[in-house]
Amino acid sequence: MTNGAKLLIKWLKENVLNTYQEPVNSNASLPYISLSYVENEFASQTAQQITIWTRSDASYQEAYSYADKLSKLIGESGVLVKDNDLGTIVIYKGSPFCQNRLDDTTTIRAVLVNLLVINYNN
């Protein structure tokens, strides 16, 4: 896993919800975020999709509450994330920012969130 992936996962875990790189271990318990990290060249903007997974019989409310929290953290100008060991990334909202994911089961509700990430790691 690259430092950019480690830093994004660490930031999401600390600020939004437990986060795993896909494939997610079967022992993980909902709710959580999953991602398959994409990294581009140094200082290039990369589209990054994450999935927020929750358990509910009828509502996406919990999943969207985590997306709302993430939206507020990123703001309209993006967020700079620095770590002495892992480097620096900048996270912006992608477009569309958030949408329902097609349900695989009747008890899992998930939303897809699109981010733009700039990785300043060498």
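**Strand pairing and helix packing**

Trainee: Which residue in strand 2 stands opposite Gln21?
Mentor: Leu35 in strand 2 stands opposite Gln21. The model is predicted: local features need pLDDT of at least 70, side-chain atom pairs count only at pLDDT 80 or more, and totals for chains, interfaces and linings use all residues. Residues are numbered from 1 along each chain as its sequence is written, and side-chain values use heavy atoms, with hydrogens and water left out.

Trainee: What makes strand 1 and strand 2 paired strands?
Mentor: Strands (E, at least two residues) and helices (H or I, at least four) are DSSP runs, numbered from the N terminus. Two strands pair if DSSP finds at least two bridges between them. Strand 1 and strand 2 (residues 32–35) run parallel and are joined by 3 bridges, so they count as a pair.

Trainee: How many bridges join strand 2 to strand 3, and strand 3 to strand 6?
Mentor: Strand 2 and strand 3 run antiparallel and are joined by 4 bridges; here Ser34 stands opposite Thr51. Strand 3 and strand 6 are also antiparallel, over 11 bridges, with Gln48 opposite Leu115.

Trainee: Why are strand 1 and strand 4 said to stand at the edges?
Mentor: The 6 strands form an open sheet of mixed pairing, in the order 1-2-3-6-5-4. Strand 1 (19–21) and strand 4 (79–83) each have a single partner strand, so one side of each lacks a neighbour in the sheet. From one strand to the next, the twist averages 35 degrees.

Trainee: Why are helix 1 and helix 2 called roughly perpendicular?
Mentor: Their packing angle is about 115 degrees, with the axes 11 Å apart. Axes are lines fitted to C-alpha atoms, for helices over the stretch in contact, and angles run from 0 to 180 degrees between N-to-C directions. Angles of 65 to 115 degrees count as roughly perpendicular, under 35 as roughly parallel, over 145 as roughly antiparallel and the rest as oblique. Helix 1 and helix 2 are therefore roughly perpendicular.

Trainee: Which residues of helix 1 meet helix 2?
Mentor: Trp11, Leu12 and Asn15 in helix 1 meet Lys69, Leu70, Leu73 and Ile74 in helix 2.

How values were computed
Contact = heavy atoms within 4.5 Å.
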